[in-house]
Amino acid sequence: MNEQTVTRLYPQDNWKIPDRLNILLVVFVATLSLFWLWLGSHFVERWELLILCGIGYSYLMLTNYALLHEASHDKLHSNPELNYILSMITGFFFPMSATLHKNTHTKHHIQNRSEDELFDAYTESDSKVKKYIQWYAILIGIFWFYPVLGSIVLCFFSPTTVQKWFLDDRPGRAYSGNFNKPEIRKMSLELVLLILFGVSVIVILDLSLKVLLVYYLFTAINWSTRQFIEHAFTRRHFVEGSLNLKHFPWMSKLLLHRELDLNHHRYPDVPWNFLPELVSPDEPQIHYIEQYLRLWKGPVPASQLKP
């Protein structure tokens, strides 16, 4: 389905951002998150129940991230100011700077499947061992710490300084060096508000440190392990190097259809609720779980990927 076909079938006037629905989702996710944290801190004592609660919380945070993702494309709300406020709220729960996410995600759409994002493959000049370590670190949750720590570090050190810390890490170097002064100022403000929000929530709800650590351990794993599932082993093209995956209906709704990433890269301005309508009935789709299991086989030679 090409751009002209999509425009004819779904004129942009009809691609209206579901403002009210998105506000309701942000409020619902935020409220349920706070309740889930409070419940775990005051009523869950057995470790097996705490683990189950942590897993449940991690799935709620997938919806939270999907909302943050919409905001980074300025389509969580049609009012720019309200879109930014909602992006900060969803960022508080990640936790990360909304401005950092918008900057790096915009860059992702430009650099997708370039060597700056070729985590799933290695070239002749790459260290195969390093590539394997990097790949499995992503799958077990380490990647989640990058935006969390980046939101703090870039407020205190210049992007040029941070880039020097990634001399042997091309992706880290590429993503840490392209922040201007207005963005740094916004990130600093967001960091202050995030700290105030976090401390207030912990004090008012009397949250347990153990619960926070368990919940966000599972959040880190669940978010990080699936970040490149729609791009892994695809062709080396910044748009077409993506997949539309099949998923269970309930998971598709929970992810706000983020498994349809090829549609998103082709039409990044289309709100999440329209993405399923843009899938061609003749288009072959791999199941999400099948693709996820394939990730664990490890990186492949870059020569095996289609240009």
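Tutor: Start with a term. Helices are DSSP runs of at least four residues, numbered from the N terminus. This model is predicted. Asn222 sits in helix 11, residues 209-224.

Student: What makes Asn222 buried or exposed?
Tutor: Buried means under 20% relative accessible area. Asn222 has 9%, so Asn222 is buried.

Student: How do you know that the side chain of Asn222 makes a polar contact with the side chain of Ser58?
Tutor: The cut-off for a pair of N or O atoms is 3.5 Å. Here the distance is 3.0 Å, so the pair is within the limit. Asn222 also touches Tyr59 and Leu62.

Student: What span does helix 3 reach, and what is expected?
Tutor: Helix 3, residues 47-72, has 26 residues. At 1.5 Å a residue, 38 Å is expected. From first C-alpha to last, helix 3 reaches 36 Å, which is close to that. Asp74 follows helix 3 and has a positive phi, near 60°.

Student: How much space lies in the second largest pocket?
Tutor: About 630 Å³. It is lined by 28 residues; Pro95, Trp144, Ile202, Leu212 and Tyr216 are the closest to its centre. Helix 10 gives the most to this lining, with eight residues.

Student: How confident is the predictor in the protein?
Tutor: pLDDT runs from 0 to 100. The mean here is 91, and 93% of residues reach 70 or more. Over residues 3-9, though, pLDDT is below 50. That stretch has eight contacts in the model beyond near neighbours in sequence.

Technical notes. Residues numbered from 1 in each chain as written. Predicted model: local features only at pLDDT ≥ 70, side-chain atom pairs only at ≥ 80, totals over all residues. Heavy atoms only, no water. Contact = heavy atoms within 4.5 Å. Helix = DSSP H or I, 4+ residues; strand = E, 2+ residues; numbered from the N terminus. Buried < 20%, exposed > 50% of the residue type's maximum accessible area, 1.4 Å probe, protein only. Polar contact = N/O pair within 3.5 Å; in protein donor to acceptor, adjacent residues only side chain to side chain. Expected span 1.5 Å × (residues − 1). 1 Å grid on protein atoms, 1.4 Å probe; cavity = no way out; pocket = protein on both sides within 12 Å on 5 of 7 lines; lining within 4 Å. Points joined across faces, edges and corners; volume = space filled by probe spheres on them. Lists of a residue's contacts leave out its neighbours within four places in sequence.
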